[in-house]
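Please look at the sequence and the structure before reading on.

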Amino acid sequence: MAAKVIDGKAFAAKLREQVAGHVARLKADHGIVPGLAVVLVGEDPASQVYVRSKGKQTVEAGMASFEHKLEDSVSEAELLAVVEKLNADPEVHGILVQLPLPGHINSDLVINAIDPAKDVDGFHISNVGLLGTGQKSMVPCTPLGCLMMLREAHGSLSGMNAVVVGRSNIVGKPMAQLLLGDSCTVTIAHSRTKDLAEVCRGADILVAAVGRPQMIPGDWVKPGATVIDVGINRIDAPERGEGKTRLVGDVDYASCAEVAGAITPVPGGVGPMTIACLLSNTLVATCRANG
Ligand code: GUN
């Protein structure tokens, strides 16, 4: 039986609409306009696309968008000075420093210089610790979006076996914490995991966040499982013509969709939810800052 397709695009549109409604009320009732500052260093094309998209959707939600584009050659001290200025700016409620940063800059140092209350990525060590201990924190956007889609698909996740393939700080680790928080039995698997196929076959919920195109085939998926594909990989698509490319996830969609109970597509699954959750986090940061 073919899997139900989880429509992240439609879910994200609904979430953005809800956020825009809250923003409009905040403005009308209290004169407060949530502000999101995005800092982009260098010219990485994928990062530029993300940042443009973030800016556009921030404005569409009725928020103020502040963009800081810095040269690849910017020094760590200069970048830290920008972060400090944004920390002190009362019109800025959320700060996002686009990753990856150039090699000469210590990313941890920069991320941990962000005021934790404005850390809408949830990457600051304080937020990581708060999430890990089940306390109120800013939650990283991509895993938050995945959790929202899983809750919508299942209601309660309690007691389910969840396997997260990938152990990054941005997705894998916080995803595992969130699933644990929802009472799943969680396994974090990665490139060194022994018999990864068998580990994946035990999953009621399989989250793929490895960054390797189409790595997970359908025969690694338990019949009826829910598959969340976080991967966004561009591959050659000669079938579309010379020099053409297309986006694929970390799972082999065609074979996984034959076995899974539900699956997120790429594009149109997790991707749109990430920015919608960023807007939601900015709204949350604004509300917390204003009591
Ligand atoms: N680069 C890729 N994904 C992300 C993200 O969620 N936040 C930031 N800051 N950089 C990224």
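The sections below cover the model, the ligand shell and a sheet.

## Model and annotation

This is a predicted model: local features need pLDDT of at least 70, side-chain atom pairs count only at pLDDT 80 or more, and totals for chains, interfaces and linings use all residues. Residues are numbered from 1 along each chain as its sequence is written.

An unreviewed UniProt entry places "domain: Tetrahydrofolate dehydrogenase/cyclohydrolase catalytic" on residues 6-121; such annotations may be inferred rather than shown by experiment. Over residues 6-121 the chain is 49% helix and 16% strand. Helices (H or I, at least four residues) and strands (E, at least two) are DSSP runs, numbered from the N terminus.

## Ligand shell

Leu 96, Val 97, Gln 98, Leu 99, Asp 121, Cys 141, Thr 142 and Ile 170 surround the ligand, each with its C-beta atom, placed from the backbone, within 6 Å of it. Strand S4 (94-97) and helix H6 (141-154) each supply at least two residues of this shell.

Domain 1 (31-116) and domain 2 (141-272) both give residues to the shell, so the ligand lies between them. The domain bounds come from an automatic or database domain assignment.

## Sheet

An open sheet has 6 strands in the order S1-S11-S8-S7-S5-S6, with parallel pairing; two strands pair if DSSP finds at least two bridges between them. Strand S1 (4-5) and strand S6 (185-189) stand at the edges with a single partner strand each, so one side of each has no neighbour in the sheet.

Strand S5 (residues 161-165) and strand S7 (residues 205-208) run parallel and are joined by 4 bridges. Val 165 has Ala 208 in S7 as its bridge partner.
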